[in-house]
Amino acid sequence: MAASVGGKHLVLHGAKDGFVKVRKRDLEKLTTEVMQLREFLPKVLNRDLREMLLKAGARESRMVHVVKEQEQLRQECVHLQSRLEAMQSECQKEREEKLLLREQLWQSGTELQQQADFCSGLGSSACSLLWSCSASEDTVTHWLADGKLPSFLAIAAQTLESFITSLDEEVKTETEDHNSHEHQFVLAVAGVIANVAAVPRGRDFLSSSAHLLLDTLMKNLQLMKPGIFPKLKVLMLMALYNVSICVRGLKYISEYPGFLPLIWRLLEDGDWEVCLHSLRLLQSALLEEEMPTSLASSLLDPSLLARVSQLTSGMQPTLRLAAQQTLEDLQAFHQVGEPGVC
């Protein structure tokens, strides 16, 4: 750098850029400003400003990191969106498959119900024919000789128990189910049992080899509410009465723990045929010579005598006559059972 002789200009030169003319006044001004900067710059660049600059740098670094994280999250979001679309597609496919399976299930259920109705109708018709055939003594005798009657009676016991225990007696009524295949099938099964018991060899077989069936008949008669399926009750009572004609059968029935409570329940049924066949079964028990002590004491209950006496004033002649005969048998039993009476 060089100054002019007159003092008005200074010449600055560098190794590469050559010379530059600067006024002295500008140089002095520049010098003054540099001196001012040297004086005030330390005051401006204090600790707070440095910390602020550091924080700004940290925030800038953090901003860069946040931008990277946002980019990563965006990529993950795109990936999750792709997976979501794939899952939605798969879900839609499964929904369509489920609808198809539901339709197939409904169709299968319909077909199964049709098959069940067909089998029920076929079983009802076949058992009704069997019921008619069992009215012949020769047929029952042939069944006993053939040796296949026990398996039928085992199935019959299961059928009766399954039908009666599955009844929703608060909803179902005999009128609603009177013509159903299931009801007709069960009636036919009970009818066959009654017809087998009506044959001497049949009742002997039932008395000695079908105790499970007899227990099932008495137990299920206890389960049935008054007024429910009276025709079925009548057939079951007819079977028990026919068995009671046999001494061994009468002994087994009269020794049944719930025999007299069963008779009590049936005498309150309200259907005159049920009451009639209950009285006949009670008459058979009164004729038992070796009567269990518990049954004999229960038969002395005056309330039983009073109930039978009420039935003697019924409107149905057959029931009234049976009640009168049973009442006489009970009165005779009371006289024999009283202390001091010979």
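**View 1. Helices α11 and α12 pass each other in a left-handed crossing.** In this predicted model, α11 covers residues 259-267 and α12 covers residues 272-286. Their axes come within 8 Å and cross at roughly 150°. Angles over 145 degrees count as roughly antiparallel, so that's the label α11 and α12 get relative to each other.

**View 2. Here's who meets whom where α11 touches α12.** On the α11 side, look for Phe-259, Leu-260, Ile-263, Leu-266 and Leu-267. Their partners in α12 are Val-274, Cys-275, Ser-278, Leu-279, Leu-281, Leu-282 and Ala-285. Sort the residues of this contact by type and you get eleven nonpolar, one polar and no charged.

**View 3. Phe-229 sits in the loop between α8 and α9.** Helix α8 spans 211-223, and α9 takes in residues 230-244. What's the phi of Phe-229? It is positive, at about 50°, even though this residue is not a glycine. Is Phe-229 buried or exposed? Buried means under 20% relative accessible area, and Phe-229 has a relative accessibility of 1%, so it counts as buried.

**View 4. Asn-242 is part of helix α9.** This one is buried too, with a relative accessible area of 12%. Which residues does Asn-242 touch, if you skip those up to four places away in sequence? The list is Ala-194, Ala-197, Ala-198 and Arg-203.

**View 5. Gly-121 belongs to helix α2, which runs over residues 47-133.** Gly-121 is buried, and its relative accessible area comes to 12%. Now find Ser-180 as well: along the sequence, Gly-121 and Ser-180 are 59 residues apart. In space, their C-alpha atoms are 8.8 Å apart.

**View 6. Zoom back out and you have a chain with 15 helices and three strands.** There are 342 residues in the chain, and buried ones make up 31% of them.

Notes
Residues are numbered from 1 along each chain as its sequence is written. This is a predicted model: local features need pLDDT of at least 70, side-chain atom pairs count only at pLDDT 80 or more; totals for chains, interfaces and linings use all residues. Side-chain values use heavy atoms; hydrogens and water are left out. Axes are lines fitted to C-alpha atoms, for helices over the stretch in contact, and angles run from 0 to 180 degrees between N-to-C directions. Helices (H or I, at least four residues) and strands (E, at least two) are DSSP runs, numbered from the N terminus. Angles under 35 degrees count as roughly parallel, over 145 as roughly antiparallel, 65 to 115 as roughly perpendicular and the rest as oblique. A crossing is left-handed if the near helix is turned anticlockwise from the far one by less than a right angle, and right-handed if clockwise. Contact means heavy atoms within 4.5 Å. Ala, Val, Leu, Ile, Met, Phe, Trp, Tyr, Cys and Pro count as nonpolar, Asp, Glu, Lys and Arg as charged, and the others, Gly among them, as polar. Buried means under 20% relative accessible area, exposed over 50%, partly exposed in between (1.4 Å probe, protein chains only).
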